Amino acid sequence: MQCMGDLSKEVWQDCITLFLQTGVCCDAAIITNSPPWLLASYPKGNLFHLTREEIQTLLGREEREKLFLQGVTLAGTKCLLIRDNLYTEGNNTMDLRTKGQSQSSQAVTILQMQSVYPVVIGQKGTEGGPLSLKAFEMTSYIKEAICQHMARL
C-alpha cells in the first residue's frame, strides 16, 4: 500500500480546506517527519511559516519531556504543551495552547495519521476539547477517504 506521505500536494490542500470548512479551525497544516516537512498549509495562516527545525522538534521521539519544560514554537509562535499523547497507540494526539501578548491564546491540536500529522489551530474562543474532537473526526474521515482512494489505484 502507498505511504500517505506520498500523496500529491493537491490531496493535502483539499484536507486543509476540509479542516477550515468545519468552522472550528482558523488555520491548518499537514506536516511529516521527513522532507518536504510541510506538505500543505493554509496560505493565509501562520502555519504556512512552520520551519523544518520546529517540525523536527515537535515530531522528535527522543526527549519529549523537554517539550513540557521548554514549550513548543509553531511558525514563530510560542505554545504551551498541554497534553502529549502523539505517540500513544490509540490516541495519537497532542494538545497545545498558543501564548503571546498581542493575541489571545488559541487551542492547537496535532494528530498522527501514519507518517503525516495534521496541525489545526482553533478559532478564537474555541476550547481545546471541541477542537480535538473535531480534528479527530475529520482525520478519521480523511484516513478513510484516502484508504478508499488508494485501494482503487
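Colleague: Is Cys-15 buried or exposed?
Modeller: In this predicted model, the relative accessible area of Cys-15 is 5%.

Colleague: How many disulfides does the structure contain?
Modeller: A disulfide is a covalent bond between the sulfur atoms of two cysteines, and the rule applied here requires those atoms to be within 2.5 Å. The sulfur of Cys-79 has its closest cysteine sulfur in Cys-26, at 12 Å, which is too far for a bond. Cys-79 counts as buried, at 1% relative accessibility. By the stated rule, the number of disulfides is 0.

Colleague: How many salt bridges does the structure hold?
Modeller: Side chains of opposite charge can pair when their charged atoms come close. One of the pairs is Arg-52 with Glu-53, whose closest N and O atoms are 3.5 Å apart. Another joins Glu-63 to Lys-66, at 3.0 Å from N to O. The total number of salt bridges is 5.

Colleague: What is the relative accessible area of Lys-66, which pairs with Glu-63?
Modeller: Glu-63 is partly exposed, with a value of 47%. Lys-66 is also partly exposed. Its relative accessible area is 38%.

Colleague: How many residues apart in sequence are the parts that Arg-64 and Asp-84 tie together?
Modeller: Arg-64 forms a salt bridge with Asp-84, with 2.8 Å between the closest N and O atoms. Arg-64 lies in the loop between helix H2 (52-59) and helix H3 (65-70), whereas Asp-84 lies in strand S4 (residues 77-85). Both Arg-64 and Asp-84 are buried. Given these places in the chain, the pair ties together parts whose separation in sequence, in residues, is 20.

Colleague: Which strands stand at the edges of the sheet?
Modeller: The open sheet has 7 strands with antiparallel pairing, in the order S2-S1-S7-S6-S5-S4-S3. A strand at an edge has a single partner, so one of its sides is left without a neighbour in the sheet. The strands in this position are S2 (38-41) and S3 (72-74).

Colleague: What is the average twist from one strand of this sheet to the next?
Modeller: The strands follow one another in the order S2-S1-S7-S6-S5-S4-S3. Taken from one strand to the next, the twist averages 25°.

Colleague: Which residue of S7 stands opposite Thr-109?
Modeller: Strand S6 (residues 107-111) and strand S7 (residues 116-122) run antiparallel and are joined by 3 bridges. The residue of S7 that stands opposite Thr-109 is Val-120.

Colleague: At about what angle to S6 does helix H4 run?
Modeller: Helix H2 lies across S1, S2, S3, S5, S6 and S7, and runs at about 80° to S1. Helix H4 (residues 128-152) lies across S1, S5, S6 and S7. Its angle to S6 is about 30°.

Colleague: Which element supplies the largest share of the largest nonpolar core?
Modeller: This core has 22 residues, of which Trp-12, Phe-19, Ile-30 and Val-120 touch the most other members. At least two residues come from each of H1 (9-21), S1, S2, S6, S7 and H4. The largest share is 6 residues, and the element that supplies it is H4.

Colleague: How far apart in space are the C-alpha atoms of Thr-139 and Gln-112?
Modeller: Thr-139 is in helix H4 and counts as buried at 3% relative accessibility. Beyond its neighbours within four places in sequence, Thr-139 is in contact with Phe-19, Leu-111, Met-113 and Pro-118. Thr-139 and Gln-112 are 27 residues apart in sequence, and the distance between their C-alpha atoms is 8.8 Å.

Colleague: What is the C-alpha to C-alpha distance between Asn-92 and Thr-139?
Modeller: Asn-92 lies in the loop between S4 and S5 and counts as buried, at 14% relative accessibility. Leaving out residues up to four places away in sequence, Asn-92 touches several residues, including Ile-110, Leu-111 and Gln-112. Asn-92 and Thr-139 are 47 residues apart in sequence, and their C-alpha distance is 11 Å.

Methods: Residues numbered from 1 in each chain as written. Predicted model: local features only at pLDDT ≥ 70, side-chain atom pairs only at ≥ 80, totals over all residues. Heavy atoms only, no water. Salt bridge = Lys/Arg side-chain N within 4 Å of Asp/Glu carboxyl O. Buried < 20%, exposed > 50% of the residue type's maximum accessible area, 1.4 Å probe, protein only. Helix = DSSP H or I, 4+ residues; strand = E, 2+ residues; numbered from the N terminus. Pairing = 2+ DSSP bridges. Axes fitted to C-alpha atoms, helices over the stretch in contact; angles between N-to-C directions. Contact = heavy atoms within 4.5 Å. Core = buried A, V, L, I, M, F, W, Y, C linked by side-chain atoms within 4.5 Å.
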